[in-house]
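Work through these exercises with the model open. Try each task before reading its solution.

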Amino acid sequence: MLVAEILKDKGSVVHTIPPGLSLAEACVELERLRVGALMVCQESRVVGVLSERDVVRAVARHGQAGLARPVSDFMTADVVFAGAAESVAVLMERMTDRRIRHLPVLIEGRLAGVVSIGDVVKCQIAEATHEAESLRTYIAAG
């Protein structure tokens, strides 16, 4: 399965925040939206990703004072992207190797969606289930 198919199934809604938003306000957004990461955008360009892990690290290092600082101080600025034509296997490898749970997807240079590790695992389980069912059907017919 390809990234484009995942986005077709899950939709292309992307939750974004500006880099100047306070970490406390970003935490409120994470909770309100019930997501594990937010794309940090300046105009229409992704400049970072703020994940729950980034928040935990910020609080561990800076305590409550960190919550008043801007998201740009704590976001992951070295953003790793996915392309629509990439396979789930490629994403799984990239996410595992880099310990990333959320990949923004670019189509023609524009932010088109986000794929999470949960999306990738769900897809792989569906593919394995389909393959097992196909084999059962083949064996039963033989």
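This is a predicted model: local features need pLDDT of at least 70, side-chain atom pairs count only at pLDDT 80 or more; totals for chains, interfaces and linings use all residues.

**Exercise 1. Other salt bridges**

How many salt bridges does a search of the whole structure find? Look at the pairs of Arg32 and Asp73.

Solution. The search finds six salt bridges. Side chains of opposite charge can pair when their charged atoms come close.

Take Arg32. Its partner is Glu29, and the closest N and O atoms are 2.8 Å apart. Both residues lie in helix H2 (residues 23–33), three residues apart, about one turn of the helix. Arg32 is exposed at 55% relative accessible area. Glu29 is partly exposed at 21%.

Take Asp73. It forms a salt bridge with Arg69, with the closest N and O atoms 3.0 Å apart. Asp73 is partly exposed, at 39% relative accessible area. Arg69 is also partly exposed, at 30%.

**Exercise 2. The chain and its sheets**

What pattern does the protein chain follow along the sequence? Trace it, then describe each sheet.

Solution. Count the elements first. The chain has five helices and six strands. Their pattern is α-β-α-β-β-α-β-α-β-β-α.

Take the sheet with order S1-S2-S3. It is open, has three strands and shows mixed pairing. Strand S1 (16–17) and strand S3 (45–51) stand at the edges, each with a single partner strand, so one side of each has no neighbour in the sheet. Strand S2 (residues 37–42) pairs with S3 in the antiparallel sense over six bridges. Check two positions: Ala37 stands opposite Ser51, and Met39 stands opposite Val49. Two residues lie between the strands in the hairpin of S2 and S3, where Glu43 takes a positive phi near 60 degrees. S3 is mostly covered, with six of its seven residues buried.

Now take the sheet with order S4-S5-S6. It is an open sheet of three strands with mixed pairing. Strand S4 (82–83) and strand S6 (110–116) are the edges; each has a single partner strand, so one side of each is left without a neighbour in the sheet. Strand S5 (residues 102–107) runs antiparallel to S6, joined by six bridges. Ile107 stands opposite Arg110.

**Exercise 3. Surface patches**

Which residues gather in a patch of negative charge on the surface? Find a nonpolar patch too.

Solution. The negative patch gathers Glu5, Asp9, Glu127 and Glu131. Helix H1 (3–10) and helix H5 (117–141) are the elements that give two or more residues to this patch. Glu127 is found in helix H5 and is partly exposed, with a relative accessible area of 35%.

The nonpolar patch is formed by Leu135, Tyr138 and Ile139, with about 390 Å² of accessible area together. Leu135 sits in helix H5. Its relative accessible area is 48%, so Leu135 is partly exposed.

How values were computed. Residues are numbered from 1 along each chain as its sequence is written. Side-chain values use heavy atoms; hydrogens and water are left out. Patches are made of residues with over 30% relative accessible area and no salt bridge: like charges are joined within 9 Å, nonpolar side chains (Val, Leu, Ile, Met, Phe, Trp, Tyr) within 5 Å. Accessible areas come from the Shrake-Rupley method with a 1.4 Å probe; for residues, only the protein chains shown count as cover. A salt bridge is a side-chain nitrogen of Lys or Arg within 4 Å of a carboxyl oxygen of Asp or Glu. Lys and Arg count as positive and Asp and Glu as negative; His and the chain ends are not counted. The place of a charge is taken as NZ of Lys, CZ of Arg, CG of Asp or CD of Glu. Helices (H or I, at least four residues) and strands (E, at least two) are DSSP runs, numbered from the N terminus. Buried means under 20% relative accessible area, exposed over 50%, partly exposed in between (1.4 Å probe, protein chains only). Two strands pair if DSSP finds at least two bridges between them.
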